[in-house]
Amino acid sequence: MSPRHLVRTTGDATWGVPAALDRHVEGFRRWTIVDEAAGAVSTGFGIGEMDPGGRIDWHVHSFEESLFVLDGEVVLSTVEAAVLLGPGDYALVPLGHAHALANRSSAPARWAAMSAPQPRPDHDGDTYFVPALPERDPIPVDVRDPRTRSFGHIEPENMDAAKQTQDMLAVSASMRTALLVYSGVTVKMMVDPDLGAQLSTMFMVQNDEGGGAGPHDHPFEETYMILEGAVDATFDGERYRLELGDVAWAGAGCVHAFHNEGPGAVRWLETQAPAPPARHSYRFARDWEYLRDAIDATSREVR
């Protein structure tokens, strides 16, 4: 296995919580997928699962955290409000912001969680429990409500370029979340500086049949969780078939590519950490191969 990439499937899952959290947590488990052991430096990524009646007490992190709800409902309480999150809802918890999680429903809840910088096991996961704030009635995600300004919602339909209506844009944090379309790939931003993020990003990608992204690398780490369909991927020359529930991670400098041979579209959740620079986020192999060929052609003409 290359130290610059990782691919894991649901069959690899080992669920648990750090011992230091035991007395502050009830009915909660975490599948840690990307961490220091995987070779990551800036990324912590995993799946959280909470039983009905489960909870995580009020706490702060010395990292930034983003959540995307996969199944069920969970209440994320912050200083501003208690917010009821369901499938397709997402949230940013800025570094040092007090929050708590609880499942007040009758069914399990499950979500993807991205942390940047990476939580450190030797420091109790960089988590510090604080005095509880009063319990409040939860409110839904509403990007026009300042109490939920760090939240949003996305549906598979939001990835359809033909359905970018004003009503659909209204559930996004800003016009910067308008759909980006290229080479059979559509991208919709979820968590970025407009939502308040400083250390990471989270967005949705859809790759239509026949579409893809050629070999490239970044000066940051990326994580991909397949939510629908399947895609052929290459990481540092190793080929994989990523399917529903699979998670892949590419470290800085890992050359990777995606192509959807079908059938149908593939959709995945993607994260980046640290936050991408304003310029030169992508280094496509084709651009530098073009330059090399152009230099070689000029050299032959001179001779």
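A salt bridge is a side-chain nitrogen of Lys or Arg within 4 Å of a carboxyl oxygen of Asp or Glu. Side chains of opposite charge can pair when their charged atoms come close. The model you're looking at is predicted, and it holds 14 salt bridges. Let's walk through a few of them.

**Asp236 and Arg4**
- The side chains of Asp236 and Arg4 make a salt bridge, with 3.0 Å from N to O.
- Asp236 sits in the loop between β19 (231–235) and β20 (238–242), while Arg4 is in the segment before β1 (5–8), so this pair ties together parts that are 232 residues apart in sequence.
- Asp236 counts as partly exposed, at 25% relative accessibility.
- Arg4 is partly exposed too, with a value of 36%.

**Arg29 and Asp51**
- Arg29 pairs up with Asp51 in a salt bridge, and their closest N and O atoms are 2.9 Å apart.
- Here Arg29 belongs to strand β3 (residues 25–34) and Asp51 to strand β4 (residues 44–61), so the pair links parts that are 22 residues apart in sequence.
- Arg29 has a relative accessible area of 26%, which makes it partly exposed.
- For Asp51 the figure is 27%, so Asp51 is partly exposed as well.

- Arg55 and Asp57 form a salt bridge whose closest N and O atoms are 2.7 Å apart.
- Arg55 is partly exposed, with a relative accessible area of 25%.

Key. Residues are numbered from 1 along each chain as its sequence is written. This is a predicted model: local features need pLDDT of at least 70, side-chain atom pairs count only at pLDDT 80 or more; totals for chains, interfaces and linings use all residues. Side-chain values use heavy atoms; hydrogens and water are left out. Helices (H or I, at least four residues) and strands (E, at least two) are DSSP runs, numbered from the N terminus. Buried means under 20% relative accessible area, exposed over 50%, partly exposed in between (1.4 Å probe, protein chains only).
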